[in-house]
Number of protein chains: 2
Amino acid sequence: MILAIDGMGGDHAPQSTVKGALEAIKELGVTVLITGDREVLSKELMQYEYEKDKIEIIHCTEKIENDDAPVKAVRRKKDSSMVVALNLVKEGRAEAVISAGNTGALLAGGLFILGRIKGIDRPALAPVFPHQQGASVLIDGGANTECKAAHLLQFGIMGSLYAKHILGIENPKISLANVGEEKGKGNELTKAAYELLEESSLNFTGNIEARDLPRGKTDVIVCDGFTGNIILKLTEGVFMTVFDLLKEKFTKSFLTKIAAGILKPELRKIKKDYDYTEHGGAPFLGVQGVLIKAHGSSDGKAIKNALRQGKGFADEKIVEKIEAALIN
Amino acid sequence: MILAIDGMGGDHAPQSTVKGALEAIKELGVTVLITGDREVLSKELMQYEYEKDKIEIIHCTEKIENDDAPVKAVRRKKDSSMVVALNLVKEGRAEAVISAGNTGALLAGGLFILGRIKGIDRPALAPVFPHQQGASVLIDGGANTECKAAHLLQFGIMGSLYAKHILGIENPKISLANVGEEKGKGNELTKAAYELLEESSLNFTGNIEARDLPRGKTDVIVCDGFTGNIILKLTEGVFMTVFDLLKEKFTKSFLTKIAAGILKPELRKIKKDYDYTEHGGAPFLGVQGVLIKAHGSSDGKAIKNALRQGKGFADEKIVEKIEAALIN
């Protein structure tokens, strides 16, 4: 399988992208096309020993920066590492594309270059949301701040296929993030979406309150992208704050320091389990091709995991499965 | 000062309401009108020694249950402890009313019986949101799931007066809960609300991302009631989950149990600081009168704190201040 990676995208590129690509080649047996400045990438590659025919540099001269205006950047920087990488999937030269670059630009680029799957009005980001029993799929994680009920139904369909075929959950539970459990609760959007989800063939289990999200009561959390962003970022913020507080309290005295030292490995484990950045990237579902958004702060290992994820979505032919689900 | 309390409202009423009322009388020097069945309340009162002329039972025969449909309950149960308590403020017999009963019914009752302040389209719940440095006011905490930009501006005005006059913050920072910090981020509602808040005379500090809410970067968090509910409930859920996980990990071995025992008081303190139910009730701002929603699970102490809060809002004449702010 051939995967494409935006070689210049991410806070630690190209070190992270080159390292991640080479690790993926070794571990997954894939071939990688890496986009970016040939000189820069070659220099980075020289530090490693690797199978030369398993990685190819696709030279390009531009780079989309994090503060570039997304749509403008994608339209104007045609020879950027991100746009060129997206085109590799569009042209059928690669089966999936991974980028840790500017999120807005990547979503805009995904829409413009790959296009939407027929029947999907709004492609959506689907990160995992770690919880007490494992992880749920959260969709939309922030691509669409303004949604209609029909979009939420489509998110449910895509999230269900993700949970089933990638996470291996047989009959995934689909829930609507809402302000109360009973039918009839919520705003106009969630009330209308409830009706559509209930009528669908999905395993819709009704509304889920925000309080229950970290409990892991569902497999797929459906919400608009505004709410999804609030859920992801707030969870992250509360976790960080609790751990800061624990650190502060636990270093109060000699005795608490010793006690904290004993518990440190356990604390670290909790922190890691709940760090959604540990769970690889987020697929941008609903576009005509496999597109994985890796975190901006990805290191080599995170890039390798995102490539593994891209391979998984391509192996499972998720794009075709979404298409088929919408026809039926 | 005379305060009214819905004597039958709440999971632990009338034990909690009677106990709370008597403690408030002792500590705050107020007089309390308590609504409910005379026989039930008298029997409860008999357990205590108290100044007889400081508490008066306002007899009524009905009670709004937690599963009653809010609007219907308020309209039909005219002789319920909640409706009668609201009428005490409406008629000028009490300066504030407290209830731990059915939230939806209380908000509906507040609107119908007390009415709105001129210039306020949507009264809003304003609970405190505990954070690393203290607490912010969050408005709307869940009264209005569907909002317009003008409503969010009104929330900002009311929240600012709350923070200034009740929490004693000189020039409170007002922020808009949003998916990005920059102007122009968000959904249609937050984009439009940003413009209005920016043009207002409030100390508007721009958007705040959910990640930063637990850090305490602002004094007043403005959002629609759907988002506010998600923020409050998710924060609660993540906290509960982290503490469950800590408990689980800390009881793994003899050694971790000993270490955890040493840290237990510190853990308990963090948990308490962040439990928003510890911070008294939430005022329903924008109605013509002081109305405090106490938590359904309130015990006597929580009821006393809600009465103290009601007294504070009445002392500071918040209703009049909101009226004046809207005229200017």
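This is a predicted model: local features need pLDDT of at least 70, side-chain atom pairs count only at pLDDT 80 or more; totals for chains, interfaces and linings use all residues.
**Entry: the overall build of chain A**

I started with the secondary structure. Chain A comes to eleven helices and twelve strands. Next I looked up how far the chain reaches. Along its principal axes, the C-alpha trace of chain A spans about 65 × 60 × 35 Å.

Then I wanted to know how chain A compares with a compact globule. For 328 residues, such a globule would have a radius of gyration near 20 Å, and chain A has 21 Å, so the two agree.

How much of chain A counts as buried? I got 55% of its 328 residues. I also checked the contacts between residues at least 6 apart in sequence. In chain A, 72% of these join residues at least 24 apart.

I zoomed in on β2 of chain A, residues 31–36, and β3 of chain A, residues 55–59. Which way do they run? They are parallel, and five bridges join them.

How does the chain get from β2(A) to β3(A)? It passes through helix α2 of chain A, residues 38–45. I noted the handedness of this β-α-β crossover too: it is right-handed.

**Entry: where B meets A**

I moved on to the contact between the chains. It takes 40 residues from chain B and 40 residues from chain A. On the side of chain B that touches chain A, two elements give two or more residues: α8 (225–250) and α9 (254–273) of chain B. Which one gives the most? That's α8(B), with 17 residues.

My tally has 19 nonpolar, eleven polar and ten charged residues.

**Entry: how the copies are related**

A rotation of 180° does it, with 0.0 Å of shift along the axis and an RMSD of 0.0 Å. That means the relation is that of a two-fold axis.

Which C-alpha of chain B is nearest the axis? It belongs to Ala259(B) and lies 2.2 Å from the axis. I also checked whether the two copies share a surface. The same surface serves both, as 100% of the contact residues of chain B recur in chain A.

Conventions: Residues are numbered from 1 along each chain as its sequence is written. Chains are lettered from A and ligands numbered from 1 in the order in which they are written. Two residues are in contact if their C-beta atoms, placed from the backbone, lie within 7 Å. Helices (H or I, at least four residues) and strands (E, at least two) are DSSP runs, numbered from the N terminus. Ala, Val, Leu, Ile, Met, Phe, Trp, Tyr, Cys and Pro count as nonpolar, Asp, Glu, Lys and Arg as charged, and the others, Gly among them, as polar. Two strands pair if DSSP finds at least two bridges between them. A crossover is right-handed if, with the strands pointing away from the viewer, the path from the first strand over the helix to the second runs clockwise. The radius of gyration is taken over C-alpha atoms; the globule rule is 2.2 Å times the number of residues to the power 0.38. A residue is buried if 20 or more other C-beta atoms lie within 10 Å of its own, exposed if 12 or fewer, and partly exposed in between; C-beta atoms are placed from the backbone. Copies are superposed by least squares on the C-alpha atoms of residues with pLDDT of at least 70 in both.
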